[in-house]
Amino acid sequence: MIEKHIEHTLLKPEATAADIIALCREAARHRFLGVCVNPCFVPLAKQQLAGTGVKVVTVVGFPLGCDESAVKAEAARRAVKNGADEVDMVINIGALKGGDDALVTEDIRQVVAASGSAPVKVIIETCLLDREEKIRACGLIARAGAAFVKTSTGFGKGGATRDDVALLSGEAKKLGLRVKAAGGIRDYPTAKAMLEAGAERLGCSAGVKLAEEERLSGSSGGAQKRAAGAGAEEAKA
């Protein structure tokens, strides 16, 4: 079931408290793995999801990744204190592209330390990186102790692609990382392709649509099998 992979996401700046409540109710109803909300909504989401088993995920350094490391770390610390189960941080993209691996690693390490037992996913914004940079980013993420590499913020010029997920998955397996695909996952075939390419998590705002499309796809497949079986019985007769 695709629901167990979905982090039902709402990070738009115009989102209201009522929108977050609706998001949480959808996540609980469909038994999604989690919701992903901006830091100011972590307490509300935690309250809404109490007893449901749905995780609360939030973001730091979002969406540009340009905050100072100490600021990112403090944001992560406060988010976890407020009830966040997981933290998605944006990498210092300029530092990565400029070859400052030490800064990138320390940036991530501080957030990991501040997050305590909460797993950290590191967003690398794949649309801004070349192949070598994506591979190097995975190594730095693993060295800094984070749990996941994540493709995109959803606010860049491009989102997750199957090729990027496959590349990151290949590197992640060597390094003990996991992969979250996010950005542009708006239908079930796309979501299924991401999972097949190696993503373990899907960050998307279309979670309800994906779950419904999977259900209809399964129903259609079952109907086709039943029809084929009936045809075979008629042929025997």
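Residues are numbered from 1 along each chain as its sequence is written, and side-chain values use heavy atoms, with hydrogens and water left out. In this predicted model, local features need pLDDT of at least 70 and side-chain atom pairs count only at pLDDT 80 or more, whereas totals for chains, interfaces and linings use all residues.

Two packed helices are described by the angle between their axes and the distance between the axes. Helices (H or I, at least four residues) and strands (E, at least two) are DSSP runs, numbered from the N terminus. Axes are lines fitted to C-alpha atoms, for helices over the stretch in contact, and angles run from 0 to 180 degrees between N-to-C directions. Helix H5 (residues 101-115) and helix H6 (residues 131-144) cross at roughly 45°, their axes coming within 8 Å. That makes H5 oblique to H6, where angles under 35 degrees count as roughly parallel, over 145 as roughly antiparallel, 65 to 115 as roughly perpendicular and the rest as oblique. The crossing of H5 with H6 is right-handed, a term used if the near helix is turned clockwise from the far one by less than a right angle, with anticlockwise giving left-handed. On the H5 side, the contact (heavy atoms within 4.5 Å) is made by Asp 101, Val 104, Thr 105, Ile 108, Arg 109 and Val 112; H6 contributes Arg 136, Leu 140, Ile 141, Arg 143 and Ala 144.

H6 also packs with helix H7 (residues 162-175), at an angle of about 35° and with the axes 10 Å apart. This crossing of H6 and H7 is right-handed. Here Arg 131, Lys 134, Ile 135, Cys 138, Gly 139 and Ala 142 of H6 meet Asp 164, Leu 167, Leu 168, Glu 171 and Leu 175 of H7. Lys 134 of H6 is buried, with a relative accessible area of 10%; buried means under 20% relative accessible area, exposed over 50%, and partly exposed in between (1.4 Å probe, protein chains only). Residues up to four places away in sequence aside, Lys 134 touches Ile 124, Thr 126, Leu 129, Asp 164, Leu 167 and Leu 168.

Attention now turns to the core. A nonpolar core is a set of buried Ala, Val, Leu, Ile, Met, Phe, Trp, Tyr and Cys residues joined through side-chain atoms within 4.5 Å. The largest has 64 residues, of which Ile 91, Ile 108, Val 122 and Ile 124 touch the most other members. Beyond its neighbours within four places in sequence, Ile 108 is in contact with Met 89, Ile 91, Val 122, Leu 140, Ile 141, Ala 144 and Ala 146.

Val 54, in the loop between helix H2 (42-48) and strand S3 (55-60), is buried at 8% relative accessibility. Most residues other than glycine have a negative phi, and most peptide bonds are trans. Arg 31 has a positive phi, near 55°, and lies in the loop between helix H1 (17-30) and strand S2 (34-37). Glu 125 likewise has a positive phi, of about 50°, and is found in the loop between strand S5 (120-123) and H6. Arg 31 counts as exposed at 71% relative accessibility, whereas Glu 125 counts as buried at 3%. Finally, the peptide bond from Phe 62 to Pro 63 is cis, with omega near 0°, and Pro 63 sits in the loop between S3 and helix H3 (69-81).
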